[in-house]
Amino acid sequence: MRYMLGQIFSSVRFRIGFSIFAFILLTVLIYPLIITEPPLKTISRGTFLSPGIYVNVYDSIGFSPQYTLLLDGAAERRIAAKLNADDRASMKEWLVKAGLPEESIDTQDTAALLEVWHANFDPTIRLPGMTNADRNYYIRLNTALDGLLATEGATIAVPDATTGALKEQAVVDQTSYVNIYEVPNSRVFPLGTDNFGRDVLTELVAATGVSLIIGFVAGTVATVIGLLLGLISGFLGGFVDDAIIFVTNLFTVIPSFIILILITFSIGQDKRGAITIAVVIGLTSWVWTTRAVRAQVISLRNRDHVNLSRLSGHSTAYILMADIFPYIASYVVMAFILQVSSGILAEAGLSILGLGPRTTEVPTLGLMMNWGMIYQAHILGKWWAYFPVILVIALITFSLNLMQTGLDRVFNPTLRE
Amino acid sequence: MPGDPVAAIAARMAQGMSNATGVQAVYEQYTELFGTDKPIPEQFVIYLRNVLRGDFGYSISQYPRTVGDVISSSIGWTLMLQLPAILVGWILGNLLGALAAYIRKGFDRVLMPASLFLSNLPAFGMAVILLVIFAVNLKWFPTSGGYDYAMVPSASWEFMWSVIVHYQLPFWSIVLITIGGQAIGMRSMAIYELNADYVKYARFLGVKDSKIIRYVFRNAMLPQITGLALSIGTMVSGALVAEIIFSYPGLGNTILTAVRGGDYPLISATTLIITWMVLLAFFSLEILYGLIDPRIKAAQSE
């Protein structure tokens, strides 16, 4: 056993695949211990908040200690955030249309640009060839530019309880900073939020776990059925073999995904749990294991040790388990690994069709993909809602397949190069 | 089976009717039309008889269109997309795999991990990635549909061009997915053949390398054809999901609308048609195999 493990781990492919898979598995196991929030809890208003650190504004201006930092370029960055290159270009466009010489306008020099702008801009002027929408845009831009170059701070005022008059409470200077760790309320969204306002990372970790379970259950069901049928049909032969091989051939030519669609559709939305889906996937994907196991058993059943065992009066079940199974065990393990990965892919495909597990209890990778597609995350450029999902699916199947080919090399010496 | 889809369509048709017996009459008329008033086994027999005559009945979600009408308007798109895409992907994959086995070294080192990762990407993942890069960010291709929404299908050049432009992304996403798996299979088959005794013998005889390659390629192709036949079902189902990502007007979207609308006749007819298509592909590949493999001809003439 120890020698075999050493052999397996000496394969580079297996090592890479195993490390990726172990990393994913450990993340799924450890993450919920640190962040205990339920994965499907809606924690934000609005959809698709982008990844980042969210700091409570109320806390940071009112109650956290403020520090003065004198950093170079702070004002420039502040202005750049409010006045981007497009806005500068359109300001120049307006000024040129209004009759100013093009060379005199430098879009990089913010102070000079603003000066020329304030001197010349007049919202009442209608320039030729400008639509009403353009004019409104310039009026909005002009309002936004007010106070852009101001150096005094902003005043925080609270209404007086009795009179309703505003009373100055604090002044926030432009050089004021808070330490993010001293603000009582802040939240990190490493992968933003999804269309329902849920934390994508928490959801993704939970979904990965559920999808792994689905793959595992589907793989187990398929492998057990495939192994049993293959053993029986290969060893017994005759009528049983004919019957089993007939069913197997039927399932080989009819795409299993089509059978899956029909079965899951008939089960109905409210009865489809994650495990139900997994079992159904397993029930439709055992064909390959059966074919391969049967072929191997046929080549084994007339070996001397099997005949000897038969002559010794051992029962069929005993011969299958003790004399034949050890020879095909390595193959069964490899087939199981592939079944797990195709089970995860099948669930994802079903969910995109809207035939996945019902959506109220657990997320799965396929469901997350489905939500992302329905809410057009890919068209809107919200990469965090779909790309991590694709990446995780690809990494899981990639690592499982690497492990499988690594095992294949170890158990089939003919494949080594 | 859950839900009564006929009740839904009857309710839609009887909207605004306050007369209970009137609503009842509408409902009964529809149950009669769809045949749901009869017991399930009888419905099944009737369905089988109608299917044999090529009649799939009415679609529930797109009533009053017939299922045959819905499918015939979408099957062409799927055939036109998937057949060339899978073939091109298969040929390219085999060429790349054979090249990798022949050249080894640098080319192989880059190609192998790349195709291994490619073949593990789900088809819809590849579709989304291509869509985001080439349609949303670069804006080279449209994001969805089989042709421009503003156009009416016609035989004009503009329409053809629009179809071609919309065709590219779904086509290449299926091709790329197919290439990966085929290249890996072909590479290991070709390596196996290159080490075979007949290759060594031919080398000793001084047969030209290009001639040996031809033999090796031909021998390595045979299992690849069987592989294609056996995996065509999986490929087609992956490609159907990819069609959905691009809202391509093919069978993939037909299944999606049928699932959303609880449309039993449409779902069973679409799955039946896809199964037939796969069976047909399977059958033609078997025949092709017989033509290519001399051993089968030899076995038959004995």
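Biologist: What distance separates the centres of domain 1 of chain B and domain 2 of chain B?

Modeller: Taken over C-alpha atoms, the centres of these two domains of chain B are 45 Å apart. Domain bounds come from an automatic or database domain assignment. For chain B, that assignment gives domain 1 as residues 1-37 and domain 2 as residues 71-301. Residues are numbered from 1 along each chain as its sequence is written, while chains are lettered from A and ligands numbered from 1 in the order in which they are written. This is a predicted model, in which local features need pLDDT of at least 70, side-chain atom pairs count only at pLDDT 80 or more, and totals for chains, interfaces and linings use all residues; side-chain values use heavy atoms, with hydrogens and water left out.

Biologist: How is chain A divided into domains?

Modeller: Chain A has domain 1 (2-43 + 195-415), domain 2 (55-70 + 151-184) and domain 3 (84-144). Between domain 1 of chain A and domain 2 of chain A, the C-alpha centres lie 56 Å apart.

Biologist: Which elements make up the secondary structure of chain B?

Modeller: Helices (H or I, at least four residues) and strands (E, at least two) are DSSP runs, numbered from the N terminus. Chain B comes to twelve helices and zero strands. Read from the N terminus on, its elements run α-α-α-α-α-α-α-α-α-α-α-α.

Biologist: How many helices and strands are there in chain A?

Modeller: Chain A has 17 helices and six strands. Its radius of gyration is 33 Å, well over the 22 Å that the globule rule gives for 417 residues, so chain A is more spread out than a compact globule. The radius is taken over C-alpha atoms, and the globule rule is 2.2 Å times the number of residues to the power 0.38. Along its principal axes, the C-alpha trace of chain A spans about 105 × 55 × 50 Å.

Biologist: What radius of gyration does chain B have?

Modeller: Chain B has 25 Å, whereas a compact globule of 302 residues would have a radius near 19 Å. The C-alpha trace of chain B spans about 95 × 55 × 35 Å along its principal axes.

Biologist: What percentage of the residues in chain B is buried?

Modeller: Buried means under 20% relative accessible area, exposed over 50%, and partly exposed in between (1.4 Å probe, protein chains only). In chain B, 45% of the 302 residues are buried. In chain A, buried residues make up 41% of 417.

Biologist: Which residues does B:Gln182 touch, not counting residues up to four places away in sequence?

Modeller: Contact means heavy atoms within 4.5 Å. With those sequence neighbours left out, B:Gln182 touches B:Trp90, B:Gly93, B:Asn94, B:Gln224 and B:Met235. B:Gln182 is in helix H7 (residues 157-194) of chain B, and its relative accessible area of 8% makes it buried.

Biologist: Where does B:Val88 lie?

Modeller: B:Val88 is in helix H4 (residues 67-103) of chain B. Its relative accessible area is 28%, so B:Val88 is partly exposed. Leaving out residues up to four places away in sequence, B:Val88 touches B:Phe171 and B:Val175. From B:Val88 to B:Ile179, the sequence separation is 91 residues and the C-alpha to C-alpha distance is 8.5 Å.
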